[in-house]
Amino acid sequence: MVDSKKRIDGLLNPYFNMHPVFSDSAELTVEINRNQYFMIGVVLLALGIQFRLVDSVTLTQEASQFLSKQFNSKKADPSDVPTAFVAAAEDSNIVSAKKTIKPPQWLGWALISMGAVLVLHSLAMPKPG
């Protein structure tokens, strides 16, 4: 079974077995200490507060064009869409000059709560060293 796993790993990434960090003798465990939990919690807490304070973000014209190019879907043909929806489909394909992003209200609360839990968890952990 180990040989088949090595073979599959070698097929997926030929450099996987050549790197000393990923060799069979080394374990791939990363331990997060108290300071790292605290820092991740503070960052999530700050992001959550920022999402709660900001109602909407208006992008520049360049950023709006970049996003529209990245997430552009196929334009609707009049034959694909019922006649009642043709005008609405054509209007949705028009790129506006500046897009406005309105993050949902729950996103700020979720980030604040995750950040608070991580900060409190870091304070309950033993000190490093």
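Contact means heavy atoms within 4.5 Å. Helices (H or I, at least four residues) and strands (E, at least two) are DSSP runs, numbered from the N terminus. The model is predicted: local features need pLDDT of at least 70, side-chain atom pairs count only at pLDDT 80 or more, and totals for chains, interfaces and linings use all residues. Residues are numbered from 1 along each chain as its sequence is written, and side-chain values use heavy atoms, with hydrogens and water left out.

**Figure 1. Overview of the protein.** The protein has five helices and two strands. Along the sequence they follow the pattern α-α-β-α-α-β-α. Of the 129 residues, 16% count as buried (buried means under 20% relative accessible area, exposed over 50%, partly exposed in between, with a 1.4 Å probe and protein chains only). Among contacts with a separation of 6 or more, 81% come from residues 24 or more positions apart.

**Figure 2. Helix α2 and its buried face.** The 20 residues of α2 should span 28 Å at 1.5 Å a residue, and the end C-alpha atoms are 29 Å apart, which agrees (the expected span is 1.5 Å times one less than the number of residues). Arg34, Gly41, Leu44 and Gly48 are buried in α2. Seen down the axis, these buried residues fall within an arc of 100 degrees, so they line one face of the helix (the arc is that of the directions from the helix axis to the C-beta atoms). An α-helix has 3.6 residues a turn, so residues three or four places apart point the same way. The cover over the buried residues of α2 includes α5, residues 105-124.

Figure 3. Arg34 lies in helix α2. Arg34 is buried yet has no salt bridge, and the nearest side chain of opposite charge, Glu31, is 14 Å away. A salt bridge is a side-chain nitrogen of Lys or Arg within 4 Å of a carboxyl oxygen of Asp or Glu; Lys and Arg count as positive and Asp and Glu as negative, while His and the chain ends are not counted. The side chain of Arg34 reaches the backbone oxygen of Ser122 at 3.1 Å. This is a polar contact, a pair of N or O atoms within 3.5 Å; within protein, one must be able to donate a hydrogen and the other to accept it, and residues adjacent in sequence count only if both atoms are side-chain atoms. Leaving aside residues up to four places away in sequence, Arg34 touches Ser122, Leu123, Met125, Pro126, Lys127 and Pro128. At the start of α2, a side-chain oxygen of Asn33 comes to within 3.2 Å of the backbone nitrogen of Asn35.

**Figure 4. Helix α5 and its two sides.** In α5, Gly108, Leu111, Ile112, Gly115, Leu118, Val119 and Ser122 are buried. They cover an arc of only 135 degrees around the axis, which puts them on the same side of α5. The buried residues of α5 pack against α2. On the other side, Gln105, Trp106, Val117, Leu120 and Ala124 are exposed.

**Figure 5. Gln50 beside Gly108.** Gln50 lies in helix α2, residues 34-53. Gln50 and Gly108 are 58 residues apart in sequence and 7.4 Å apart in space, C-alpha to C-alpha. Gln50 is partly exposed, with a relative accessible area of 48%.

**Figure 6. Ser64 in helix α3.** Ser64 lies in α3, residues 61-70, and is buried, with a relative accessible area of 0%. The side chain of Ser64 reaches the backbone nitrogen of Lys99 at 2.9 Å.
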